[in-house]
Protein chains: 2
Amino acid sequence: MKKIIFGVDLGGTQIKLGKFDFDGLIDKYAIDTNISDEGSHIIPDIASFIKGNLKKDEELVGLSIGVPGPVACGVVLGAQNINWLKVDVEKEFHKFFPNIIVGVLNDANAALLGECYFGSGKGYKDLVMLTLGTGLGGGILIGGEVYEGATGSSGEVGHICLERNGRSCTCGLKGCLEQYVSATGIVRTAKEVLLNSKEESILRDKDLTSKLIFDSAKVGDKLAIEVTERVTDDLACGIASICNTINPEIVILGGGVSAAGSFLLKKVEEKFVNYAFYSLRFSTKFALAVLGNDAGIYGNYQNILGKIK
Amino acid sequence: MKKIIFGVDLGGTQIKLGKFDFDGLIDKYAIDTNISDEGSHIIPDIASFIKGNLKKDEELVGLSIGVPGPVACGVVLGAQNINWLKVDVEKEFHKFFPNIIVGVLNDANAALLGECYFGSGKGYKDLVMLTLGTGLGGGILIGGEVYEGATGSSGEVGHICLERNGRSCTCGLKGCLEQYVSATGIVRTAKEVLLNSKEESILRDKDLTSKLIFDSAKVGDKLAIEVTERVTDDLACGIASICNTINPEIVILGGGVSAAGSFLLKKVEEKFVNYAFYSLRFSTKFALAVLGNDAGIYGNYQNILGKIK
């Protein structure tokens, strides 16, 4: 019998599933999330899908699931997007598969593990991953393991203070890094730049997105370049604060904003030396995340591999 | 025979030695450092002192030494203050004590270990210690072990950017936290405050020190209070950047500036909530270092205990 591991990424609208053997990914799937009845259909739906997708010569040995909420000792404690109040994931899956190894991770940590072990972080043990999306998420790997901090709040780097008495943040603080370098923050900077200039720009009267801003900078739009210069300087400053604290081997940039690719990466690397302590200036590596939406299923696969080996 | 461990703190002018058994400190001593002849007398001097201070019923089983320089695999690589270019500490001590366990630590990491295991950090596994002296040093303990980072540069928190394009730092950067909250930085802030005000103050025409500034604030001097408000706000902002990144259980303040005691600690704790992410605001503990100059000998003692147990 061929031993099979399923890595599952549970989101509010969709459940992504990856079928793996010990050599890697065999196939991936997606099903809709049914969050009705306090999310009580979710685990039966996953179990039934997996059963239907195992061949006769395949045996399920492990399954790990990433959930959008806090996890403590295998129990999910409040995941609003999927209507879970308190779910003992291992116990529930064992009703369907009594003898397998069950894992459960917070979804951000799962994505971190996936990118670290199978993406740009492969081979590194001490790293930081920044997810530049609507907000700015952070994840830290130390000695090859996700470092969650004393109370599960490590990696809240979006709330490093970039500018005292700066832009108001949803967290109640002012000047948080997230307000400058997330997709939302970048658009805010662009609006400021456009307002303070009379120069022509592709960006004028457009529905601004970080993609449009970076694309316009790439084709030489002067104001768009000004925005990307400011934004990458802000990001470099924030990254340096992190590196001056924990000195990772590599910093990985992921999330929607990182689609700006090497244009973004190069500017951040250039400006990083203006904020990092000298021993870090040229030893710190930078990379773009490569797994995108698949990071979660890979991270859950790694979670089971870590428990088996 | 009673088993004895020596913890040694090697400085440029003085060598501090602590004699321990498995129950703790028995006695402590200090001898002068002879750095002549490329520091070649240092190890023989220590060995000879220890031999002379062992009673007939005592047996040396371990010795660890903290040195002012980088350490890799038990070898000290360049310690200018003591004229050491490259010294294999274990090998050298084994010439005098062939059968003992020998340890060697960087002195800052030794002080961190000491304070963590025998001082204010006792019982905590994830913590940050800041040493507010002429500069600002940082040390990080993760899972009960000193975390050195990918290239030995973790804890360079003195170079977190507090103010972009702010005060010039010796490291070549601008606006480094160290330039605002170290003893030197505090004096600089006081000079600025005095210059920009015509108010009377105890501080006027004095030889400014951080001690005088805090002492004057404690007795109600208005400008001194203004300085300590600014300085503790700066420090709280820097500490929050660290905590937003790694979420330690406790932050310990040591070094000369921390002699300002609970006056300093209370102000920093109050202002910390203005810069820390909400889940950290009230979960993060603060304490003053208590071992002072003895932290190094305790840390070296712990280094041997860790190797024996």
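**Strand pairing, domains and the chain A–chain B interface**

In chain A, strand E5 is joined by two bridges to strand E6 (residues 75-79), and E5(A) and E6(A) run antiparallel. The model described here is predicted. Across this pairing, A:Ala72 stands opposite A:Val75 of E6(A). Both strands belong to an open sheet of three strands in chain A, ordered E5-E6-E7 and paired in antiparallel fashion. Its edges are formed by strand E5 (71-72) and strand E7 (84-88) of chain A, each of which pairs on one side only.

At the level of the whole chain, two domains are assigned in chain A. Domain 1 is made up of the segments 2-107 and 294-308, whereas domain 2 covers 122-290. Between the C-alpha centres of domain 1 and domain 2 of chain A, the distance is 31 Å.

A:Ala259 is placed in the loop that lies between strand E12 (250-254) and helix H9 (261-272) of chain A. Inside 10 Å, A:Ala259 has 15 C-beta neighbours and therefore counts as partly exposed; a residue would need 20 or more such neighbours to be classed as buried, and 12 or fewer to be classed as exposed. Although 30 residues separate A:Ala259 from A:Ala289 in sequence, their C-alpha atoms are 9.3 Å apart in space.

The arrangement of the two chains was considered next. Two copies of a chain are related by a rotation about an axis together with a shift along that axis.

Contacts between the chains involve 33 residues of chain A and 33 residues of chain B. On the side of chain A that touches chain B, the elements giving two or more residues are helix H8 (222-246) and helix H10 (278-281) of chain A. Of these, H8(A) supplies the largest share, with seven residues. Classified by residue type, this side of chain A holds 17 nonpolar, twelve polar and four charged residues. Of the interface residues of chain A, 100% are also interface residues in chain B, so the copies meet through the same surface.

How values were computed:
Residues are numbered from 1 along each chain as its sequence is written. Chains are lettered from A and ligands numbered from 1 in the order in which they are written. This is a predicted model: local features need pLDDT of at least 70, side-chain atom pairs count only at pLDDT 80 or more; totals for chains, interfaces and linings use all residues. Two residues are in contact if their C-beta atoms, placed from the backbone, lie within 7 Å. Helices (H or I, at least four residues) and strands (E, at least two) are DSSP runs, numbered from the N terminus. Ala, Val, Leu, Ile, Met, Phe, Trp, Tyr, Cys and Pro count as nonpolar, Asp, Glu, Lys and Arg as charged, and the others, Gly among them, as polar. Domain bounds come from an automatic or database domain assignment. Two strands pair if DSSP finds at least two bridges between them.
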